[in-house]
Amino acid sequence: MKLRFTYHAQSQLFSRNIPAYYVADTIRSPESRSQVAVGATVYRRSFNTRILEVVCIKGKFKNEYIVLTMYYL
């Protein structure tokens with residue numbers, strides 16, 4: 001699986017102290033997922049006591065995801 005981060009997503013990754021492997025694990029094995037816009041999907045997974053939401057779209061290539069943003073609930 002290949003992840004590409006938008007500039008916004010990359011800045012949020014660092015400012016919110018979210019490990020990149022949490023993002024990959026959430027997309028790879030979500031506890032739930034939902035469609036939020038045409039082509040965009042929210043993946044959710046809990047880590048310890050927090051729930052991480054990752055918003056992304058599918059890339060052009062197989063197993064490629066473009067991460068738009070991520071945040072803890």
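Which residue in S5 stands opposite Lys2? Glu64 in S5 holds that place. The model is a predicted one, in which local features need pLDDT of at least 70, side-chain atom pairs count only at pLDDT 80 or more, and totals for chains, interfaces and linings use all residues. Residues are numbered from 1 along each chain as its sequence is written, and side-chain values use heavy atoms, with hydrogens and water left out. Helices (H or I, at least four residues) and strands (E, at least two) are DSSP runs, numbered from the N terminus.

**Strand S5 and its partners**

- S5 is largely enclosed by the rest of the structure, because seven of its nine residues are buried; buried means under 20% relative accessible area, exposed over 50%, and partly exposed in between, with a 1.4 Å probe and protein chains only.
- S1 and S5 run parallel and are joined by four bridges; two strands pair if DSSP finds at least two bridges between them.
- S4 and S5 run antiparallel, with seven bridges joining them.
- Leu52 has Tyr72 in S5 as its bridge partner.
- The hairpin of S4 and S5 has five residues between the strands, and Asn63 takes a positive phi near 60° there.

**Thr69 in S5**

- Thr69 lies in strand S5 and counts as buried because its relative accessible area is 15%.
- The side chains of Thr69 and His8 are joined by a polar contact of 3.2 Å. A polar contact is a pair of N or O atoms within 3.5 Å; within protein, one must be able to donate a hydrogen and the other to accept it, and residues adjacent in sequence count only if both atoms are side-chain atoms.
- Apart from neighbours within four places in sequence, Thr69 is in contact (heavy atoms within 4.5 Å) with His8, Ala9, Gln12, Arg16, Glu53, Val54 and Val55.

- Helix H2 covers residues 20-28, and Tyr22, Val23, Ala24, Thr26 and Ile27 are buried in it.
- The cover over the buried residues of H2 includes strand S1 (2-5), helix H1 (7-15), strand S3 (40-47), strand S4 (50-58) and strand S5 (64-72).
- A nonpolar core is a set of buried Ala, Val, Leu, Ile, Met, Phe, Trp, Tyr and Cys residues joined through side-chain atoms within 4.5 Å.
- The largest such core has 15 residues, of which Ile18, Val23, Ile27, Leu52, Val54, Val67 and Met70 touch the most other members. At least two residues of this core come from each of H1, H2, S3, S4 and S5, and S5 gives the largest share, four residues.
- With neighbours within four places in sequence left aside, Val23 is in contact with Leu3, Phe5, Leu13, Ile18, Leu52, Val54, Val67 and Met70.

**Thr41 and Ser34**

- Thr41 is in strand S3, and its relative accessible area of 12% is why it counts as buried.
- Not counting residues up to four places away in sequence, Thr41 touches Arg33, Ser34, Gln35, Val36, Val54, Val55 and Cys56.
- Ser34 belongs to strand S2, residues 32-37, and is partly exposed because its relative accessibility is 26%.
- Beyond neighbours within four places in sequence, Ser34 is in contact with Ala40, Thr41, Val42 and Arg44. The side chains of Ser34 and Arg44 make a polar contact of 3.2 Å.
- From C-alpha to C-alpha, Ser34 and Val55 are 9.6 Å apart in space, and they are 21 residues apart in sequence.
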